[in-house]
Amino acid sequence: TTNIQTVTATGQITGSGNVTITNRTPNAPQEPIPVYDFEYYRTNANHVHPNGWQIGWNEVVPAGIHYVNGNVMIPQDLNADVTIVATGDIQFGANTLTLRSPDTANRMALFSRDGAIRIYGNSCTVYGIIYAPKGTIHMGSTTKNIFGGLIGNTVENYAGSLIVSKYQKP
């Protein structure tokens, strides 16, 4: 099941399987993807990972903004108050992912400057924006609840439900 409140597209809007779209605006005029300042996050990062970041099993992820030069791989469950900003790909392969964005300026949760964002597993809940302006956002988790937005060059939902709602505090 995929439930989406509003979809605006420059072309057709299609879905397969059980898809519910409350408000459709096909053939809308093209609007530019919102631009967020990558340098803002690099400058304001609480934690810097200069050579990529693969979170180890049972590693505690401290709250705050994490800047990663390279790719991010998170193979374990994660429940954290973080914003993860990377120059490359961001991939979650865990059973359960729960992110609450501490970014009060833009509510950014995940930001891939040049790569893709892949989220797999059973359950994903994100309070904030998932942003990949040059890449694809792959949503493969069984149940996905996004309170914020998905902004990517392409957004793909592979399995299960995807519910995208306006931002709300957790």
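Okay, let's start with Thr83: it is buried, because its relative accessible area is 0%, and buried means under 20% relative accessible area, with exposed over 50% and partly exposed in between, using a 1.4 Å probe and protein chains only.

Quick housekeeping before we go on. This is a predicted model, so local features need pLDDT of at least 70 and side-chain atom pairs count only at pLDDT 80 or more, while totals for chains, interfaces and linings use all residues. Residues are numbered from 1 along each chain as its sequence is written, and side-chain values use heavy atoms, with hydrogens and water left out.

Back to our threonine. Thr83 sits in strand 8, residues 82–86. Helices here are DSSP runs of H or I with at least four residues, strands are runs of E with at least two, and both are numbered from the N terminus.

So which backbone oxygen does the side chain of Thr83 reach? That of Met108, at 2.6 Å. There's also a polar contact of 3.4 Å between the side chains of Thr83 and Ser101. For a polar contact you need a pair of N or O atoms within 3.5 Å; within protein, one must be able to donate a hydrogen and the other to accept it, and residues adjacent in sequence count only if both atoms are side-chain atoms.

Leaving out residues up to four places away in sequence, Thr83 touches several others, including Tyr41, His66, Asp103 and Met108. Contact means heavy atoms within 4.5 Å.

Now the rings. A search of the whole structure finds seven aromatic pairs. Rings of Phe, Tyr and Trp (its six-membered ring) pair if their centres lie within 6.5 Å; planes under 30 degrees apart count as stacked, over 60 as edge-to-face and the rest as tilted.

Take Phe38 and Tyr67: their centres are 5.8 Å apart and their planes are at 65°, so this pair is edge-to-face. Phe38 belongs to helix 1 (residues 38–43) and Tyr67 to strand 5 (residues 64–68), so the pair ties together parts 29 residues apart in sequence. Phe38 counts as buried at 7% relative accessibility, and Tyr67 is buried too, at 9%.

Then there's Tyr41 with Phe111, also edge-to-face because the centres are 5.9 Å apart and the planes are at 75°. That pair links distant parts of the chain, with Tyr41 in helix 1 and Phe111 in strand 11 (residues 108–112), 70 residues apart. Tyr41 is buried at 0%, and Phe111 is buried at 2%.

Last bit: the whole chain. You'll find one helix and 15 strands, and buried residues make up 46% of the 170 residues. Strand 13 (residues 123–139) runs parallel to strand 14 (residues 143–157), joined by 14 bridges; two strands pair if DSSP finds at least two bridges between them. In that pairing, Cys124 stands opposite Lys144. Strand 14 also pairs in the parallel sense with strand 15 (residues 161–165), over five bridges, and there Ile146 stands opposite Val164.
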